[in-house]
Every structure is written in structure tokens, then in C-alpha cells.
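Subject: Structure handover

Hi,

Here is the structure I promised to pass on to you. Please have it open while you read, as my notes follow below.

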Amino acid sequence: LGFGLGLPSFLSACSDKKTAEKGVLRVALNGGPDSLDPLRAEFAIADLLFRQFLLPVVGYGDDGKPSNQFSIAQYWAANSDFTQWKFKIKPDLKWSDGSPLGANDVVESLQKSADYKTAYPNAPELYNIKNYQNVNLNKGDPKAIGVKQIGADEVEITLEGPDAGFAGRMQEFYPIPVHAINKFGEQWTNVDKIVVSGPFIPKIYTQTRIRFEKNELGGWAAPMPVAINIEAVDDPATRIRMFEAGDIDLAQDPALLRYSILESKLGDKFKRVNAPRFIYMSMNTKKPQLSNPLVRKALSMAFNRNIVSHNIFRDAVHPATRFLRDQPPIEVDVAGAKAIMEKLGYSATNPLRFELIVTKDERERAAVEIANEWKQIWVEATIGTVESSAISARLNGFDFDCAIVRVDKGMKSDPVDLMGSFATGGNAYSHQWHNKDFDAALEKVRGIGDPIKRLEALKEAEKYLLDEVPIMPIWFGDGAWLQSDKIKGGYKNMQPIIWPSLK
């Protein structure tokens with residue numbers, strides 16, 4: 001209400017109006033990280049923070065393309081069939097404690113990520129490394145994976161099959177200081193012990209506040225921020241008020257329903273960029289009501305995503321009928337869906353019944369609309385709202401019928417990464433659907449470098465998901481930020497989330 005009517009906000013009235021620290025970037029995020037250890041963290045917020053204090057093997061550049069900016073590797077190359085990659089490590093890199101950072105750190109970190117005891121959440125995304133999946137699932141020797149050091153400054157990675165985009169996979173892998181972990185164990189991320197490789201280092205870390213300060217050994221240089229103050233603010237309206245009061249320079253994810261207002265009111269200060277955020281319905285294919293792919297197909301055919309995106313969310317999201325964001329949409333077909341359900345024996349007196357669970361956020365509004373539209377095809381879906389932690393437990397335990405879920409791939413915009421989340425063993429494998437032909441189709445895509453041929457192969461892989469519908473697309477989201485005009489720099493066509501690139 002304060003935003004809509006221009007009234008003074010509570011936070012504005014109560015905030016400390018002392019002059020802000022010069023050169024300090026002030027950020028409000030939609031939550032806090034679950035860990036500062038990249039091999040243990042699961043939250044998207046943690047992934048965002050790693051980019052500030054740890055160098056990935058391969059960095060990001062304009063349009064999200066692989067770059068050697070803020071990276072460990074100086075350059076990289078693959079063999080002719082993309083089954084082996086070599087990464088040349090930059091000379092004279094150092095950890096924040098002065099220890100040298102080299103090829104051995106990359107090798108040891110990859111080995112540690114494959115260790116069953118580490119339980120690295122993103123391990124499935126590295127399963128194409130030779131013997132990685134076997135080691136990870138069968139508690140094998142991590143040193144047996146296809147990663148080795150060549151000479152003093154080169155890492156060689158051998159894959160199970162071709163992967164033309166493997167360098168992009170290394171954009172989200174952050175080597176860790178194994179020497180510090182050997183010394184401090186799990187306490188290595190405590191601010192009095194943490195050792196980092198990036199331009200910033202955590203100095204304060206609580207559930208609601210984090211402060212980064214410059215790490216000159218990690219490449220800090222003017223005009224980067226001299227420090228970064230981060231607040232975890234769950235409520236999106238509060239983040240807007242903090243930004244309007246001038247208490248924050250960057251505010252993450254304002255409320256979806258405010259997008260159109262913010263665009264008109266703030267102009268260039270409202271940043272909205274395509275991001276690999278995908279909202280979908282996971283259907284438990286082992287449940288009797290949903291075991292028939294024809295039922296799942298009818299459910300997907302029978303509701304209008306445009307109503308969800310336009311009428312409910314005022315075009316703050318993009319309707320998704322497919323997994324390939326830029327391809328022609330699949331039309332709504334209520335009559336066809338009704339014919340399928342009728343043929344299967346469903347009717348007004350014999351409806352299909354199941355529970356649809358959803359978290360207590362904007363997805364609940366979408367669930368109500370979808371359930372209402374399903375009534376046209378004799379479906380009675382009971383909506384259950386649960387906390388985000390509870391929905392994760394139910395998904396992991398396969399204790400659900402249907403669930404509206406979000407997957408956030410960070411900055412991984414390749415559709416093969418999104419679809420790979422739903423393949424056998426993928427990190428969003430709650431639907432219990434297994435199709436070896438789909439898994440093989442994804443492997444085929446990874447080995448294709450030519451963009452035209454790659455798109456055709458992606459469509460072939462997508463067809464398995466569209467035909468059997470273990471996963472039902474609902475919408476694609478964007479990365480949205482409020483950004484003060486005090487901030488310059490950043491990368492073209494990217495969210496302002498690599499803070500060393502900001503001025």
C-alpha cells in the first residue's frame with residue numbers, strides 16, 4: 001500500500017539516515033544461503049553468492065557466454081568429438097590465505113564432488129565425466145573419475161560421451177580450498193577460517209546479514225565495490241520499500257504483480273532479463289490416478305497458460321507449453337482433453353480425484369486457476385498448501401500426487417540442462433518416470449556443436465516429455481532486479497549478479 005500510494009514506508013521512517021559508506025554495494029536478497037560451501041549448498045541464493053567469493057573454472061561474459069573473466073581457467077579446448085577437454089589454469093593465482101591456487105585444486109575439488117560422502121547436490125550435472133556417476137552412486141574411489149592434472153597448470157577431463165557445451169558446465173563449478181578443509185573440516189566456511197579465491201571475502205555471516213570485503217589476492221581492483229552489505233528480506237514488498245527509501249542499491253525479485261507498475265515508475269532502474277527459471281507440475285507417475293500418460297496428456301491440454309500469465313500475473317511471467325522457450329506454443333485443446341478422459345471412463349459422476357500440493361506463494365494463485373479449468377474435463381483436484389521445506393521432503397520421498405514446483409538453473413540457459421533435470425537421476429527427479437530413449441536423446445544433443453542440428457536434436461528429446469507428460473510446463477520466469485543509477489557496469493543481457501563486474 002505504501003508503494004502504491006506513495007506513502008512513507010515503515011522502513012524508510014525507521015532507517016538510519018547516516019551517510020552510507022562510500023563504495024559499498026547494498027543488496028537485498030529474497031532469502032539467505034543454506035551454506036557457503038558450494039559442494040553442500042542447495043539454495044539458488046547460495047549459487048548467487050558463490051560468484052562473489054569463489055572463482056569458477058570458467059567465467060561468464062556478455063550474454064552469459066563462457067569467458068576467462070573472473071575465472072580460474074585462462075583458456076580451454078576440446079578434442080574433435082568433444083569427449084575430452086583441457087583447461088589451462090591462469091598463472092600466479094592465490095587463495096586468500098596466500099596459498100597457490102592451481103590445477104591440483106580443480107582436480108581435487110572435482111574428485112571431492114564425486115565422493116558419495118560429500119553428497120554434492122549438483123553431482124548429476126557432472127555425470128558425463130568418465131566414471132563419475134559410478135563413483136558417486138556406488139561409493140567408489142573419487143580418484144577414479146576421468147579428471148587428471150597435466151603438468152603444472154593444466155587439467156584434462158575425459159567424458160563418457162560427447163559434450164560440446166561442457167565448458168559451460170564449468171561456469172557453475174567452484175573449486176574449493178581442499179587444504180583449508182583438511183585443516184578445519186566442515187568449519188572451513190566460518191568467517192574466521194574461510195579461504196576464498198574470488199574478489200570478495202565474507203567477514204560477517206548470519207541468517208539475515210552477510211558482509212563481503214575486498215580480497216586483493218582474488219583480483220579485487222578499483223572501481224569494484226570496496227564492500228558488499230547483504231540483507232535477507234523474505235517479503236518482496238519490503239524489498240521494494242527499502243529500495244525506494246534509498247537504503248538499498250540492488251533489490252532482488254520484486255513482487256510479480258508489481259512488475260508493470262515498476263516498469264512505468266522506475267524505468268531503467270527496473271531490470272528484467274530472461275533467466276532459466278521454470279515453473280512446472282511434477283506428476284507422480286507411480287500413483288494410480290496419474291500412471292496413464294493419456295491422463296497426464298489431457299491434464300496438460302486442458303488449461304490455458306495465457307490466463308495464468310496474463311490475467312493472474314499481469315504478464316510478469318511467460319506462458320510455457322514446451323521446454324524450449326523460443327518455440328511455437330502448443331494450443332489449448334479442452335475438447336480433445338475431454339474426449340480422452342471420456343474414453344478412459346471419467347465423467348461428471350466419476351471424476352478423476354487427486355491432491356495438488358503447492359507452496360504458500362504466487363504459485364497458489366496459479367493452482368486455483370488450473371484446478372478450476374480442470375473441472376471442464378471432470379477432474380477434482382484438492383489443493384494442499386505447504387511450506388517450501390515440507391514440499392521438498394514430500395517430493396524427495398515421492399509422497400505426493402501432483403506438485404507445482406520451481407527449478408532455477410541459475411545462469412544455465414542451455415535447454416539441455418533444464419531437460420536433463422528431469423532425466424533418470426536428474427536433480428529434479430520426483431516424477432519417477434524413466435525413459436531410456438529420452439536419456440539417450442539428451443546425450444545425443446550434448447554431442448552436437450552445430451546450433452541448427454542441435455536445435456533439431458533438442459526437439460527430438462523434448463518430444464518424449466511432451467508425449468508422456470511426466471512434467472507439465474506452466475511458465476518461464478525472468479530475473480528481475482531494482483538497480484540504483486549509482487551502479488554502472490555489469491555484463492550485457494545478464495542479471496546484475498556478478499558483483500565484481502559492477503562499478
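Leaving aside its neighbours within four places in sequence, which residues is Ser-501 in contact with? In this predicted model, the contacts of Ser-501 are Phe-70, Lys-488, Gly-489, Gly-490 and Tyr-491. You will find Ser-501 in the segment after S17. With a relative accessible area of 13%, Ser-501 is buried, and its side chain reaches the backbone oxygen of Ile-498 at 2.6 Å.

Next, the strands around S10. Strand S9 (residues 209-214) runs antiparallel to S10, with five bridges between them. Here Ile-210 has Ile-230 of S10 as its bridge partner.

The loop between S9 and S10 is where Pro-223 lies. The peptide bond that leads from Ala-222 to Pro-223 is cis, with omega near 10 degrees. Also worth a look is Lys-214, which lies over the face of Trp-220 at 4.5 Å from the ring centre.

Now to the aromatic rings. The count comes to 19 aromatic pairs. In one of them, Phe-50 and Phe-53 have ring centres 6.0 Å apart and planes at 80 degrees, so this pair is edge-to-face. About one helical turn separates Phe-50 from Phe-53, because they are three residues apart in helix H3 (residues 44-53). Both Phe-50 and Phe-53 are buried.

Phe-53 also pairs with Phe-212, this time in a tilted arrangement, with 5.8 Å from centre to centre and 35 degrees between the planes. Since Phe-53 belongs to helix H3 and Phe-212 to strand S9, this pair ties together parts that are 159 residues apart in sequence. Phe-212 is buried, as is Phe-53. Elsewhere, one aromatic cluster is formed by Phe-278, Tyr-280, Phe-323, Phe-422 and Phe-476.

Helix H11 (residues 305-312) deserves a paragraph of its own. Its residues Arg-305, Val-308, Ser-309 and Ile-312 are buried. These four cover an arc of only 115 degrees around the axis, so they sit on the same side of H11. Which elements are included in what covers the buried residues of H11? Among them are helix H10 (293-301), strand S13 (318-319), helix H13 (362-374) and strand S17 (471-483). At the start of H11, Asn-304 has a side-chain oxygen that comes to within 2.8 Å of the backbone nitrogen of Asn-306. Just after H11, Arg-314 has a positive phi of about 55 degrees.

Two more backbone angles are worth checking on your side. Most residues other than glycine have a negative phi. Phe-82, however, has a positive phi, near 60 degrees. It is placed in the loop between strand S4 (73-78) and strand S5 (84-89), and it is partly exposed, with a relative accessible area of 25%. Ala-119 has a positive phi too, near 55 degrees. Its place is the loop between helix H4 (103-114) and helix H5 (132-138). Is Ala-119 buried or exposed? With a relative accessible area of 53%, Ala-119 is exposed.

Best wishes

Definitions and conventions: Residues numbered from 1 in each chain as written. Predicted model: local features only at pLDDT ≥ 70, side-chain atom pairs only at ≥ 80, totals over all residues. Heavy atoms only, no water. Pairing = 2+ DSSP bridges. Helix = DSSP H or I, 4+ residues; strand = E, 2+ residues; numbered from the N terminus. Phe/Tyr/Trp six-rings, centres within 6.5 Å; stacked < 30°, edge-to-face > 60°. Buried < 20%, exposed > 50% of the residue type's maximum accessible area, 1.4 Å probe, protein only. Lys NZ or Arg CZ within 6 Å of the ring centre and 35° of its normal. Arc of directions from axis to C-beta. Contact = heavy atoms within 4.5 Å. Polar contact = N/O pair within 3.5 Å; in protein donor to acceptor, adjacent residues only side chain to side chain.
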